[in-house]
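This report concerns the salt bridges of one protein model. Please consult the sequence and the 3D structure shown here.

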Amino acid sequence: MNIRRARAADAETLTQIAVAAKRQWQYPESWILAWLDVLTITPEYIAEHPTYLAEVENDIAGFHAVQIDGDKAVLDHLWVRPAFMRQGIGGALFRHAEGVARAAGATRLRITSDPHAAPFYSHMGATQHGQKPAPMDGVIRFLALFEKAL
């Protein structure tokens with residue numbers, strides 16, 4: 001596996017990975033469509049935020065993106081293509097994102113997690129410090145708020 005900086009030309013593939021990974025959790029298609037703006041990675045986004053992808057044998061297996069704000073960083077995206085899940089790629093991308101944030105001067109990494117991803121972030125050493133409501137179509141649901149010292 002190789003982790004490299006994403007290029008503008010990778011935007012469409014990264015979007016496809018984010019959408020496929022979200023679908024893996026079997027959310028209703030109406031929810032996926034509602035989330036398309038958040039899941040869409042544009043060339044401009046890649047230019048503005050440190051965005052890195054993991055390649056396995058020249059195939060893009062997943063990616064992460066970090067937003068830096070002074071001494072704090074936000075893990076804005078971390079997605080793994082379903083065919084590559086449970087192979088350590090998510091962990092490698094998370095550790096890489098920590099390094100990117102640390103190198104930019106951040107001392108804390110914040111994560112807003114889908115309920116299905118919360119166990120992963122706990123496993124990676126992040127601590128849940130709250131939750132925020134994220135209702136969809138009348139369904140009451142919450143996103144876990146995590147933080148990790150860098």
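The sections below describe the model and then its salt bridges.

## Basis of the report

The model is predicted; local features need pLDDT of at least 70, side-chain atom pairs count only at pLDDT 80 or more, and totals for chains, interfaces and linings use all residues. Residues are numbered from 1 along each chain as its sequence is written, and side-chain values use heavy atoms, with hydrogens and water left out.

Ten salt bridges are found in a search of the whole structure, the term denoting a side-chain nitrogen of Lys or Arg within 4 Å of a carboxyl oxygen of Asp or Glu. One of these pairs Glu55 with Arg4, with 3.2 Å between the closest N and O atoms. The two residues are 51 apart in the chain, Glu55 lying in strand β2 (residues 51-56) and Arg4 in strand β1 (residues 2-5); strands are DSSP runs of E of at least two residues, numbered from the N terminus.

Glu55 is buried at 17% relative accessibility, and Arg4 is buried at 15%. Here buried means under 20% relative accessible area, exposed over 50%, and partly exposed in between (1.4 Å probe, protein chains only).

## Partly exposed pairs

Asp71 and Lys72 form a salt bridge whose closest N and O atoms are 3.3 Å apart. Asp71 is partly exposed at 37%, as Lys72 is at 31%. Through salt bridges with shared partners, Arg4, Asp10 and Glu55 form one network.

A salt bridge also joins Asp59 to Arg81, at 3.9 Å between the closest N and O atoms. Asp59 belongs to strand β3 (residues 59-69) and Arg81 to the loop between β4 (72-80) and α5 (89-103), so this pair ties together parts 22 residues apart in sequence. Asp59 is partly exposed at 32%, and Arg81 is partly exposed at 24%.

Methods: Helix = DSSP H or I, 4+ residues; strand = E, 2+ residues; numbered from the N terminus.
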